Amino acid sequence: MRLFRTIGVAAGAVGLAAVADRALGAYAGDLEPPLDGRRGTFRWRGMDVAYTEAGDASDPTVVCFHGVNAAGSSGEYRAVWDALAEEYHVVAPDFPGFGCSDRPPIDYDGDLYTAFVAAFLERYDEPAVIAASLAGGYVANALARDEIDPRALVLVCPSSGAMPGPNPWARGVVRAPLLGDLLVDLATSRYSIRRSNADHGYYDVEAADDAWLDYQWRSAHQRGAKHAVAAFVGGYLNVDVDLEAALADADGPVTLVWGSAAETTTPAEGRALADAAGADFVELDRTALVPHAERPAAFLDVIAGRLVPL
């Protein structure tokens, strides 16, 4: 009888977890694009990749790649988007598995995202690129493979890896039915997202207002969200690239922008990378991993004139 009671309790807990996960997904609802502009879909490897574009299409193109985390999306550029659109034809996709893009149950990894970066940039004539954190690693990897030739690069705290890995056990647990859903729900609660923003995303977490926190939460609870999150947690979204060598070989100018309080990769590491690669280095005080979201005016001042080199 004790065994039957234990089994019953376990089954009930699993059932409650499944019900809670479905309820959270229903409450999150369909995700709307986070940026104002013209909506588009890029069909790639059987997936519909969502993007937003704004500005005059005859102006120089700037493609913005968002950083990768459990709640990542192109909304990361919300604070600088309208200002960029006044001067450029600006385009921002949601990576496959994130934001408003398809989130199929595939094996996401750094090579997949490197290939996506190359394929997406191929659609435009001499684009400049802004890329944040791990997306900067994908851009550098595509450079190293001679798959892209951007007009100019602005990389914000670029990194080749965010988590230890690859770890098939960690990825498998997060991808598991029910248990994985429960773990992702816990890791992407509003409390957890805000804590992540405060720990390493922002110098002052108040810069991530309630509306943005709500969007991050809803994005992280879309159907299929756990598959890219599992790859991220397992270290599979890291990329094997020598950032120094890749950036040194870039034909166009390269600017590295770092938040003074960034800890995932520190300003000292950023300055050393810039010196070795022959890139410009700018450190913005009172910011951390997302200076473009936290101090948009200062960020725009930094990149003025750098996206269309003389």
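Predicted model: local features only at pLDDT ≥ 70, side-chain atom pairs only at ≥ 80, totals over all residues.

Start with helix H3 (residues 110–121) and helix H4 (residues 134–144), whose axes come within 8 Å and cross at roughly 70°. An angle from 65 to 115 degrees counts as roughly perpendicular, so H3 is roughly perpendicular to H4. Which residues do the touching? On the H3 side they are Gly 110, Asp 111, Tyr 113, Thr 114 and Val 117, and in H4 they meet Tyr 138, Val 139, Asn 141 and Ala 142. Sorted by class, this contact has 5 nonpolar, 3 polar and 1 charged residues.

The protein averages a pLDDT of 90, and 90% of the residues score at least 70. The stretch to be careful with is residues 3–27, where pLDDT stays under 50. For that stretch the model has 11 contacts beyond four places in sequence.

Back in H3, pick out Tyr 113. Is Tyr 113 buried or exposed? With a relative accessibility of 0%, Tyr 113 counts as buried. Leaving out residues up to four places away in sequence, Tyr 113 touches Phe 95, Pro 96, Phe 98, Tyr 108, Tyr 138, Ala 228 and Leu 237. For a sense of scale, the C-alpha atoms of Tyr 113 and Glu 269 are separated by 24 Å, and the two residues are 156 apart along the chain.

Now follow the chain out of H3. The loop between H3 and strand E5 (128–132) holds Glu 126. Its phi is near 50°, a positive value in a residue other than glycine. Glu 126 counts as exposed, at 54% relative accessibility.

**A helix on the inside**

Of the 9 residues in H9, 8 are buried, so the helix is largely enclosed by the rest of the structure. Those buried residues are Ala 225, Lys 226, His 227, Ala 228, Val 229, Ala 230, Ala 231 and Phe 232. Notice that a lysine and a histidine, Lys 226 and His 227, are on that list. What covers them? The cover includes H3, along with helix H5 (168–175), helix H6 (179–187) and helix H8 (210–220). Just after H9 the backbone reaches Gly 235, which takes a positive phi of about 80°.

Next, jump to strand E6 (residues 153–156), where you'll find Val 156. Val 156 is buried, with a relative accessible area of 0%. Setting aside neighbours within four places in sequence, Val 156 is in contact with Ala 131, Ala 132, Ser 133, Val 257, Leu 289, Pro 291, His 292 and Phe 299. Compare that with Val 233, which is 77 residues away in sequence and 21 Å away in space, C-alpha to C-alpha.

Cys 157 sits in the loop between E6 and H5. Like Glu 126, a residue other than glycine with positive phi, Cys 157 has a positive value, near 45°. Cys 157 counts as buried, at 1% relative accessibility.

Tyr 77 is in the loop between strand E3 (61–65) and helix H2 (81–87), and at 0% relative accessibility it counts as buried. Not counting residues up to four places away in sequence, Tyr 77 touches Leu 35, Cys 64, Phe 65, His 66, Ile 130, Ala 131, Ala 132 and His 292. Ala 131, Ala 132 and His 292 were also on the contact list of Val 156. Tyr 77 and Phe 65 are 12 residues apart in sequence and 8.9 Å apart in space, C-alpha to C-alpha.

How many disulfides does the whole structure have? The search finds 0. A disulfide needs the two sulfur atoms within 2.5 Å. Cys 64 is also buried, with a relative accessible area of 0%.

Terms used
Residues numbered from 1 in each chain as written. Heavy atoms only, no water. pLDDT = per-residue confidence, 0-100. Contact = heavy atoms within 4.5 Å. Axes fitted to C-alpha atoms, helices over the stretch in contact; angles between N-to-C directions. Helix = DSSP H or I, 4+ residues; strand = E, 2+ residues; numbered from the N terminus. Parallel < 35°, antiparallel > 145°, perpendicular 65-115°, else oblique. Nonpolar A, V, L, I, M, F, W, Y, C, P; charged D, E, K, R; others polar. Buried < 20%, exposed > 50% of the residue type's maximum accessible area, 1.4 Å probe, protein only.
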